[in-house]
Amino acid sequence: AASDVYKRQGLQAVELTLDLHAIYPQIFDAGFYASVADLQQELGFTCTVHLPFLWVEPASLNEAIRQASLGSLRQAIEITRAIDIHTYVVHLWGLATGPIVSQLHDPMQHQVVVEVLMGQARRTLAALCEVIDAADLCVENLEDALFDLALPFIEEQDASICLDVGHLALQGQSELSFLEQHRDRIREIHLHDALVPPAGRQGRARDHLALGQGEIDVPAFLHRLVELDFDGAIILEVNSQTDLEQSLDHLRSYL
């Protein structure tokens, strides 16, 4: 079924979500990824990997949890060795880190905790760069404001960046400004639409929407990518086949 969608829609890149292996290893096992490698040989698509991010904490202050998270990330890399992987996307801190940091209202406490968190994230990134080429490892900007603090050790390791446009929108940041600032390091893009209610209005901010359902100026973004001769992978990170098809229709109308 997946290959039928790939052929019908004319896709050129596919991203594998390795949380599936972490949570269901008896189904998404070595044999499954060997079949993906065979399919890649048959169809010739570019393949990227999103390393596990659910229930892992690569920046955890609990060292045992950090080590276990690092082990899960390394296992995901090893299970996909048979596939020709273009880039690996990693979240350097887990889903709990942002909310915890946001609750630290004392400035001194906030500074100390964030410095230790970033130190742990730095150790995890360095360890991952020992098993794969740093240029193939793309650190993703998340919904929180911690990414800028990670930049020094991303550059230190000479790792790459995955630009997620929806995450930037939720922070009120410009995808074009981020692109200009980091264009020499960006090797993958997660493209999806987002809606952010105006200040004072009720409603929940949402991303991972089909293109055309939100507020992102996708044509302007794509135009700039063409101007920059961007040759990395662009992944439509939406939640259903219907959203994928709608997004592809919008992309065709832009192009």
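Here is a walk through this predicted model, from its overall build down to a few single residues. Residues are numbered from 1 along each chain as its sequence is written. Since the model is predicted, local features need pLDDT of at least 70 and side-chain atom pairs count only at pLDDT 80 or more, while totals for chains, interfaces and linings use all residues; side-chain values use heavy atoms, with hydrogens and water left out.

Let's begin with the whole thing. The protein has 11 helices and 9 strands; these are DSSP runs numbered from the N terminus, H or I of at least four residues for helices and E of at least two for strands. Along its principal axes, the C-alpha trace spans about 55 × 45 × 35 Å. The radius of gyration is 18 Å, which agrees with the value near 18 Å for a compact globule of 255 residues (taken over C-alpha atoms, with the globule rule being 2.2 Å times the number of residues to the power 0.38). Buried residues make up 47% of the 255, where buried means under 20% relative accessible area, exposed over 50% and partly exposed in between, using a 1.4 Å probe and protein chains only. As for contacts (heavy atoms within 4.5 Å), 74% of those with a separation of 6 or more link residues 24 or more positions apart.

Now for the strands around S2, residues 46-50. Strand S2 is mostly covered, with 4 of its 5 residues buried. Strand S1 (residues 13-17) runs parallel to S2 and is joined to it by 5 bridges; two strands count as paired if DSSP finds at least two bridges between them. In this pairing Glu15 stands opposite Thr48. S2 also pairs in the parallel sense with strand S3 (residues 85-90), over 4 bridges, and there Val49 stands opposite Tyr88.

Next, the core. A nonpolar core is a set of buried Ala, Val, Leu, Ile, Met, Phe, Trp, Tyr and Cys residues joined through side-chain atoms within 4.5 Å. The largest one has 68 residues, of which Leu51, Leu125, Leu137, Leu163 and Leu191 touch the most other members. Helix H6 (residues 107-128) gives this core its largest share, 8 residues. Leaving out residues up to four places away in sequence, Leu137 touches Leu51, Tyr88, Val90 and Leu125, among others.

Met118 lies in H6 and counts as buried because its relative accessibility is 7%. Beyond its neighbours within four places in sequence, Met118 is in contact with Trp93, Leu146, Leu149, Ala150 and Phe153. Helix H7 (residues 147-157) has Phe147, Ala150, Leu151, Phe153 and Ile154 as its buried residues. Those residues pack against H6, strand S4 (137-140), strand S5 (160-164) and helix H9 (175-182). Just after H7, Asp158 takes a positive phi of about 60 degrees.

Finally, the cysteines. Taking a disulfide as a pair of cysteine sulfur atoms within 2.5 Å, the count comes to 0. Cys47 is in none, and its nearest cysteine sulfur, that of Cys138, is 13 Å away. Cys138 is in none either, with the sulfur of Cys162 nearest at 6.2 Å. Cys47 counts as buried because its relative accessibility is 0%, and Cys138 is buried with a relative accessible area of 0%.
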